[in-house]
Every structure is written in structure tokens, then in C-alpha cells.
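Good morning, everyone, and thank you for making time. I would like to walk you through one model this morning, going chain by chain and then turning to where the chains meet.

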Amino acid sequence: MTELYLLLIFMIIAAIIAIEIKDLLSSIIAVGAVGLGLSIVFLILKAPDVAITQLVVEILCLIILIRATLKKDLLFSTTGRWFLNTLIVAGFISIFLFVAGKALRELPEFGRPIMKVAATYLKEGLSKTGATNLVASVILDFRAYDTLGEATVLFTAVIGVLAVARRVGRKKQGSELEEED
Amino acid sequence: MTIYLLCLILFCCGLYCILRKRNIIKIILGIIIAEYAANLFFILVAYRLNGRAPIFSPDTTITNMVDPLPHALVLTAIVIGLATTALLVIIAMRIYEKYGTFDITKIKELKG
Amino acid sequence: MSREHGKGMSLIVKTVTRLTVGLILLYGIYIVLHGHLSPGGGFAGGVIIALSFIHLMLAYGKEIALKKLSKPILSLFESIGAITFLSIALLGFSGGYFFLNFISKGKPFKLFSAGIIPFCNIAICLKVGAGLFAIFVVLVLLKFDAENKE
């Protein structure tokens with residue numbers, strides 16, 4: 001399990017670099033390091049489906065973020081109550097860590113999941129669905145309503161992107177189209 | 001137990017970035033980091049010591065599989081995260097087009 | 001030739017793209033079709049198919065990629081994916097309830113098995129791939145407009 005600790009520490013260092021560096025493009029590349037490390041962690045934790053999806057989604061996410069920040073000036077304001085704001089945020093995070101550390105004691109120990117629901121899936125998954133990949137049978141047969149909701153959210157997000165990106169006013173669009181010709 | 005704490009520290013890095021930074025792109029990066037930490041926590045809970053991936057084999061019967069249910073939940077959450085990130089990015093680009101800056105304090109001042 | 005070199009990236013990138021983009025598309029289709037047998041499935045395969053078209057667009061410029069898949073065709077594909085998924089779910093009412101696996105299961109470890117799961121994978125692949133590629137196309141076109149205005 002030492003490789004897991006090493007990868008997690010690498011991810012935390014990359015996240016701190018991503019937060020504190022001044023240049024936005026370098027910051028995005030550091031977030032890419034966090035995501036690719038996360039993909040390797042998923043592979044070590046025996047989740048190959050999630051690892052493949054995380055790898056390809058990370059690449060697409062990086063492309064979208066880089067398109068957004070190319071050729072933009074980088075303004076940073078250093079005014080304001082720096083000391084007080086940092087103190088408040090640090091206090092909030094320490095309270096959060098304290099409460100979460102208390103709550104972690106109620107969780108099952110690492111490496112011994114409870115698996116009350118999953119025991120049924122493991123026992124009857126092959127005979128009930130015929131799919132040998134259990135994750136696919138959980139996604140598309142036992143819990144297909146999850147996938148239906150996911151499809152709805154994805155549809156809504158795509159419609160939102162198209163609506164925000166659309167230029168206001170049809171007349172202006174027509175004139176610009178003529179200019180392009 | 002230490003590994004859960006490391007995962008929480010990664011979440012807190014994202015939380016600090018969301019609360020403290022003033023650049024909109026930095027805030028989006030903080031949201032992405034916090035989302036990664038949440039996904040990692042689900043997969044950590046599902047892990048079983050010396051377990052195997054939840055895929056049946058034609059030759060042998062495998063008894064020590066890891067929990068497949070959180071994998072299914074995280075698989076949908078990753079794709080939804082990408083779509084919502086794209087929505088945030090395009091709103092940030094619209095804000096830049098209108099106000100000429102990514103700084104949220106300056107946007108507040110411009111509004112009056 | 002010289003005019004074509006002006007759009008997109010250099011000749012080396014274009015040649016490598018011509019060699020690899022078909023393989024990437026084929027790999028995506030393989031991942032979708034074997035989603036119920038091996039790791040992968042509709043989500044990962046859809047994103048890989050979208051990435052192959054994004055690869056084409058980054059190397060050759062936006063005109064050639066948009067000639068193959070324009071924005072109305074993309075929204076048509078996404079709607080087809082959503083309607084296919086819903087109608088597969090609705091067909092389950094023929095045997096009793098929503099999302100019933102109503103086709104015969106077949107033998108395990110074969111390509112044609114597991115009832116409706118491969119068809120659902122194909123529908124989700126269409127939906128995810130078309131949706132994400134549409135988002136990317138919109139971002140590229142918006143960027144172009146903003147540069148024109150300045």
C-alpha cells in the first residue's frame with residue numbers, strides 16, 4: 001500500500017502547486033497532473049472502468065480549460081484584508097477537518113467494506129443479467145434509473161452551454177454571417 | 001485510516017482554493033480538485049484488501065471481488081462533472097467578454 | 001497545397017493525425033461494443049469517439065472537421081441517443097416493468113449476450129460523444145467570434 005500513499009502525497013503537492021502558482025496555464029497543467037495521478041490510483045484500487053473514464057475525461061477537461069484561458073491577460077488583486085480572510089478560511093478548514101476526523105471513526109476500516117447491497121449483485125449478477133462486467137450490469141440493469149438521471153443532467157448541461165454561447169438577437173447573427181461570406 | 005485523512009486534505013486544498021482565490025478560473029480549478037477528492041473517497045470505501053476487479057472470469061470462480069456499487073456511482077459522476085465544468089467555463093468566458101476581467105472583486109465594483 | 005498548409009498545424013502533425021485518427025475511432029467503437037464483457041462501456045467509449053473528432057479538428061482546422069459532423073447533425077445524434085435509451089426502457093413494459101431485460105440473455109462471455117445492455121451502451125455512447133463534441137465545437141466557435149470582435 002505504500003505506492004498508494006506516495007501517489008496521494010504527489011496529488012496533494014500538485015494540488016498545492018495548482019492553487020498557489022501565478023500563471024493560469026501552469027495551474028491548469030498542474031490540475032492535469034492531479035487527474036492523471038487519480039487515474040493511476042483508481043487502477044491500483046481495482047477499478048479499471050473508472051480509471052479508463054477518468055483518463056479520457058481528464059484529457060477532454062484539460063482541452064476545454066486551455067481553450068478558455070488562451071491569450072487572456074492575468075489580473076491578480078492583492079488588496080483587501082489579506083490576514084483576516086486567510087485566518088477565517090484556515091479556521092473554517094480546521095473546524096471541518098476536526099469534525100470530519102471524528103466522523104471517520106464511524107466508517108468501516110480501510111480494506112473491509114460492508115457490502116450489504118453488493119453481496120446480492122455479486123451472487124446473482126451473472127445469472128440475472130448475463131453480463132460478465134458487473135459494473136455494466138449495475139449501471140444498465142440494476143440501477144438504470146441512475147443512468148437515466150445522468151443522461152438528463154448531461155442533456156440539460158449541453159442545452160445550457162448552447163444557450164449561453166448563442167449570440168443575442170437573430171438580426172446581428174445574419175449580418176455577421178454575410179460578413180463571413 | 002491515514003489514507004482517508006490524506007483524501008480529506010486533498011478535499012481541503014480544493015475548499016481553500018474556492019474560498020480564498022479571486023480569479024474565476026482558479027475557483028473552477030478548486031471545484032475540480034474537490035470533485036476529484038470526493039470521487040476518490042467513494043472508491044477508497046469500496047476497496048477490499050487483496051480484492052480483484054469486479055469482472056467474472058470464464059475459468060475460475062472469483063470470491064473476493066471489490067464492491068461494484070460505488071464504481072457505478074462514480075462513473076456517472078465523472079461524466080456529469082465534465083459537463084458542468086464546461087458550463088462553468090463558458091459562463092466565465094461570457095463574464096470576461098462583458099467585464100474584461102476574471103477578478104470577482106472588480107466585477108462587483110463595476111456593477112456599482 | 002500551400003493554402004492548405006495555412007490552416008491547422010504543420011505537415012508532420014497532419015500526417016500523424018491521418019495515420020492515428022482511424023485507430024482511435026476504432027478503439028472507441030471496440031470499447032463500446034465490448035462494454036458488457038470487459039472494462040469500458042458507453043461513457044468511456046463515447047468520450048474516446050469525441051476525442052478522435054477533436055483530434056481531427058485540432059490538427060486540420062475547424063472547417064474539415066465540421067464538414068464531417070456539423071452542429072445540427074450533432075444535436076440530431078444526441079437526440080437519437082436519448083430517444084433510443086428511453087424507448088429501450090419503455091419496451092420493457094411489454095414484459096412487465098420499466099428497464100426490464102426483455103431479450104434472451106444468451107451465453108455468458110459471448111459478444112451477443114446480456115440482453116439489452118449492449119444496445120443501452122450504444123445509445124449512451126451516441127449521447128455522450130455527440131454532447132461533448134457539441135460543447136467543444138461551441139467553445140471553438142465562440143472563441144473565434146471574440147477574436148473577431150477585438
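**Chains, contacts and a few single residues**

If we read chain C along its sequence, the pattern is α-α-α-α-α-α, and the count of its secondary structure is accordingly six helices and zero strands. Please keep in mind throughout that this is a predicted model. Chain C has 150 residues, of which 43% count as buried, and among its contacts with a separation of 6 or more, 67% come from residues 24 or more positions apart.

Chain A is also made of helices, with eight of them and zero strands, and from the N terminus on its elements run α-α-α-α-α-α-α-α. Of the 181 residues in chain A, 34% are buried, and of its contacts between residues at least 6 apart in sequence, 36% join residues at least 24 apart.

Let me now turn to the contact between chain A and chain B, which takes 76 residues from chain A and 68 residues from chain B. On the chain A side, the elements that give two or more residues are α1 (2–20), α2 (24–44), α3 (48–69), α4 (82–104), α5 (118–129), α6 (134–142) and α7 (144–165). Which of these gives the most to that side? It is α3(A), with 12 residues.

In general, two packed helices are described by the angle between their axes and the distance between the axes. Here, α2(A) packs with helix α2 of chain B, residues 24–46, at an angle of about 5° and with the axes 11 Å apart, and that angle makes α2(A) roughly parallel to α2(B). On α2(A), the residues that make the contact are Leu24(A), Ser27(A), Ile28(A), Val31(A), Val34(A), Gly35(A), Leu38(A), Val41(A) and Phe42(A), while α2(B) brings Ile25(B), Lys26(B), Leu29(B), Ile32(B), Ile33(B), Tyr36(B), Leu40(B) and Ile43(B). Taken together, the residues of this helix contact divide into 14 nonpolar, two polar and one charged.

Chain B also meets chain C, and there eight residues of chain B are in contact with nine residues of chain C. On the chain B side of that contact, seven residues are nonpolar, none is polar and one is charged.

If we leave out residues up to four places away in sequence, Val47(C) touches Val56(A), Val57(A) and Leu60(A) of chain A, along with Val128(C), Gly129(C) and Leu132(C) of chain C.

Phe133(C) brings us to Lys71(C): the two are 62 residues apart in sequence, yet 9.3 Å apart in space, C-alpha to C-alpha. Lys71(C) lies in helix α5 of chain C, residues 71–91, and it touches Ala134(C) and Val137(C), again not counting residues up to four places away in sequence.

Back in chain A, helix α5(A) has Ala118(A), Tyr121(A), Gly125(A) and Thr129(A) as its buried residues. Seen down the axis of α5(A), these fall within an arc of 40°, so they line one face of the helix. On the other side of α5(A), the exposed residues are Ala119(A), Thr120(A), Lys123(A), Glu124(A) and Ser127(A). Following α5(A) comes Gly130(A), whose phi is positive, near 85°.

Lys46(A) has a phi near 65° and is found in the loop between α2 and α3 of chain A; with 21 C-beta neighbours inside 10 Å, Lys46(A) counts as buried. Asn50(B), with a phi near 55°, is in the loop between α2 and α3 (68–99) of chain B, and Asn50(B) is exposed, because 7 other C-beta atoms lie within 10 Å.

Key:
Residues are numbered from 1 along each chain as its sequence is written. Chains are lettered from A and ligands numbered from 1 in the order in which they are written. This is a predicted model: local features need pLDDT of at least 70, side-chain atom pairs count only at pLDDT 80 or more; totals for chains, interfaces and linings use all residues. Two residues are in contact if their C-beta atoms, placed from the backbone, lie within 7 Å. Ala, Val, Leu, Ile, Met, Phe, Trp, Tyr, Cys and Pro count as nonpolar, Asp, Glu, Lys and Arg as charged, and the others, Gly among them, as polar. Helices (H or I, at least four residues) and strands (E, at least two) are DSSP runs, numbered from the N terminus. Axes are lines fitted to C-alpha atoms, for helices over the stretch in contact, and angles run from 0 to 180 degrees between N-to-C directions. Angles under 35 degrees count as roughly parallel, over 145 as roughly antiparallel, 65 to 115 as roughly perpendicular and the rest as oblique. A residue is buried if 20 or more other C-beta atoms lie within 10 Å of its own, exposed if 12 or fewer, and partly exposed in between; C-beta atoms are placed from the backbone. The arc is that of the directions from the helix axis to the C-beta atoms.
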